Amino acid sequence: MNNKIKLRTPGYYKNFHCISSECKDNCCVGGWQIDIDEETAEYYSTVNGDFGKKLRDNIDYDNLCFRLKDGKCPFLDNNNLCGIYKELGEEHIGIVCDQFPRFTEYFGNVKERGIGLACEEAAKIILTDRSNFSYSETDTDEDVFDDSEFDSSLADMLMLLRDEFMYVIEKTDYTFNQKMIIIINIAADFQNHINNNDYNSMNKLYKKIKQHDFNSCFISDFRQISFNELEQNMASVWYAYLELETLGDEWPDFTDKIMDFLHPENSNASENNEHESMKIQYNQAFEEYTKYLNSYYAENTSELENILKYYIFRYLLKASYDHDLFGKIQLAAANIAILRDMEIYRFIQNGNNFSSDDRMDIIHIFSREVEYSEDNLETLAEEFIFDDIFKSENIIKLFNFSY
């Protein structure tokens with residue numbers, strides 16, 4: 001019996017290499033809090049000489065992080081290269097610095113590792129990948145360990161379900177929005193069976209999904225909604241994201257402008273005319289944006305699909321710990337809807353134009369704020385449970401339009 005863990009990575013993982021000083025907003029210069037693991041911090045406290053003193057002077061030992069200077073790591077040289085790496089060697093770089101933008105999750109006898117969208121080079125690799133989603137598996141020397149919170153039976157089912165979601169995303173006979181609706185509906189049905197601990201019904205539903213008869217089973221409720229209704233729903237979704245912890249200066253500036261421009265509050269009668277004018281502006285902008293996407297996606301059809309694949313790969317199997325499968329799909333759907341609004345605003349500001357570079361920039365800003373704060377992810381998870389806008393019948397409405 002093999003009691004060693006296997007490492008599983010997406011096919012594009014091997015293509016990632018840090019571009020170091022060429023990065024426009026890397027993790028060392030973008031105002032990020034740079035955490036230090038306890039073992040590395042303890043080692044730094046033993047380093048002698050002038051460099052040892054510099055280490056201790058620039059570490060916040062209460063919070064185990066570096067003291068930034070003008071938003072930068074104090075150990076960057078004039079070429080934005082790491083002074084610790086040069087002075088002490090690669091083996092003494094902290095875990096966070098060594099691993100970012102990689103993430104690692106354990107699921108029984110499998111360890112999954114990927115790269116995150118908060119890194120511009122990683123985002124470029126993920127979004128421009130043109131192959132069907134695939135995995136690579138390699139052996140490790142790590143022993144399998146028991147975790148009382150891990151549900152291995154559910155994990156096995158979720159791995160199969162994740163493959164089916166990837167199949168749906170890669171099908172060419174559905175629009176992206178129809179694919180979103182299919183996945184939302186399947187996840188909602190599965191969640192009902194998870195809540196009842198009903199593995200028999202889960203197996204039956206999985207067999208039904210394997211038949212790939214999605215027209216009759218999962219998108220029968222597709223209907224075109226008005227832009228007014230979409231705007232109102234999006235404003236409600238935004239409120240959950242505006243409550244998040246702020247990690248960088250770009251995010252609040254961006255979101256303030258988006259809310260003022262796309263979702264102004266109708267606070268009193270004197271503002272009604274202005275608010276209605278802004279709604280018309282949103283409707284017109286959304287129409288122009290969706291028209292533009294028809295031509296844009298003719299050449300770049302996989303970009304949005306790759307974002308969805310990324311969310312499903314990164315988060316879905318976490319439900320084997322908390323049994324909240326639908327919450328992972330709510331996260332993917334809400335994130336994509338928010339990204340869409342950010343793109344609409346950028347599209348308008350660009351004079352009705354939008355590029356892959358715009359999308360990369362927006363994803364980078366968004367991911368670093370939402371995905372790289374456990375507090376923010378927990379806040380959203382709570383909102384998904386208790387806010388009616390995130391119920392399946394409502395979140396589907398965010399994708400009930402055509403482009």
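**Figure 1. Overview of the protein chain, with 18 helices and 6 strands.** Helices (H or I, at least four residues) and strands (E, at least two) are DSSP runs, numbered from the N terminus. This is a predicted model: local features need pLDDT of at least 70, side-chain atom pairs count only at pLDDT 80 or more, and totals for chains, interfaces and linings use all residues. Residues are numbered from 1 along each chain as its sequence is written, and side-chain values use heavy atoms, with hydrogens and water left out. The protein chain has 403 residues, and 51% of them count as buried. Buried means under 20% relative accessible area, exposed over 50%, and partly exposed in between (1.4 Å probe, protein chains only). Take the contacts between residues at least 6 apart in sequence: 75% join residues at least 24 apart. Contact here means heavy atoms within 4.5 Å.

**Figure 2. The second largest cavity, with a volume of about 40 Å³.** The structure holds 2 cavities of 30 Å³ or more. On a 1 Å grid over the protein atoms alone, a cavity is a set of points where a 1.4 Å probe fits but cannot get out; lining residues have an atom within 4 Å of a point. Grid points are joined across faces, edges and corners, and a volume is the space filled by probe spheres set on the points. Tyr12, Ile126, Asp129, Ser131, Phe133, Asn306, Lys309 and Tyr310 form the lining of the second largest cavity. Helix α13 (residues 302-315) gives the most to this lining, with 3 residues. By class, the lining divides into 4 nonpolar, 2 polar and 2 charged residues. Ala, Val, Leu, Ile, Met, Phe, Trp, Tyr, Cys and Pro count as nonpolar; Asp, Glu, Lys and Arg count as charged; the others, Gly among them, are polar.

**Figure 3. Asn306 in helix α13.** Asn306 is one of the residues lining the second largest cavity. Asn306 is buried, at a relative accessible area of 4%. Leaving out residues up to four places away in sequence, Asn306 touches Ile126, Leu127, Thr128, Asp129 and Arg130. Its side chain reaches the backbone oxygen of Leu127 at 3.1 Å. Such a polar contact is a pair of N or O atoms within 3.5 Å; within protein, one must be able to donate a hydrogen and the other to accept it, and residues adjacent in sequence count only if both atoms are side-chain atoms. Asn306 and Met166 are 140 residues apart in sequence, yet 9.8 Å apart in space, C-alpha to C-alpha.

**Figure 4. Lys328 in helix α15.** Is Lys328 buried or exposed? Lys328 counts as buried, at 10% relative accessibility. The side chain of Lys328 reaches the backbone oxygen of Asp324 at 2.9 Å. Beyond four places away in sequence, Lys328 touches Tyr315, Leu316, Lys318, Ala319 and Asp322.

**Figure 5. Asn197 and Asn352, two residues with positive phi.** Asn197 is in the loop between α7 (176-195) and α8 (199-210). Its phi is near 55°, and Asn197 is not a glycine. Asn197 counts as exposed, at 55% relative accessibility. Asn352 is in the loop between α15 (325-349) and α16 (356-370). Its phi is about 60°, again in a residue that is not a glycine. Asn352 counts as partly exposed, at 38% relative accessibility.

**Figure 6. Cys73 and Cys119, two buried cysteines.** The relative accessible area of Cys73 is 10%. For Cys119 the relative accessibility is 11%. The structure holds 0 disulfides, a disulfide being a pair of cysteine sulfur atoms within 2.5 Å.

Technical notes
On a 1 Å grid over the protein atoms alone, a cavity is a set of points where a 1.4 Å probe fits but cannot get out, and a pocket is an open set with protein on both sides within 12 Å along at least five of seven lines; lining residues have an atom within 4 Å of a point.
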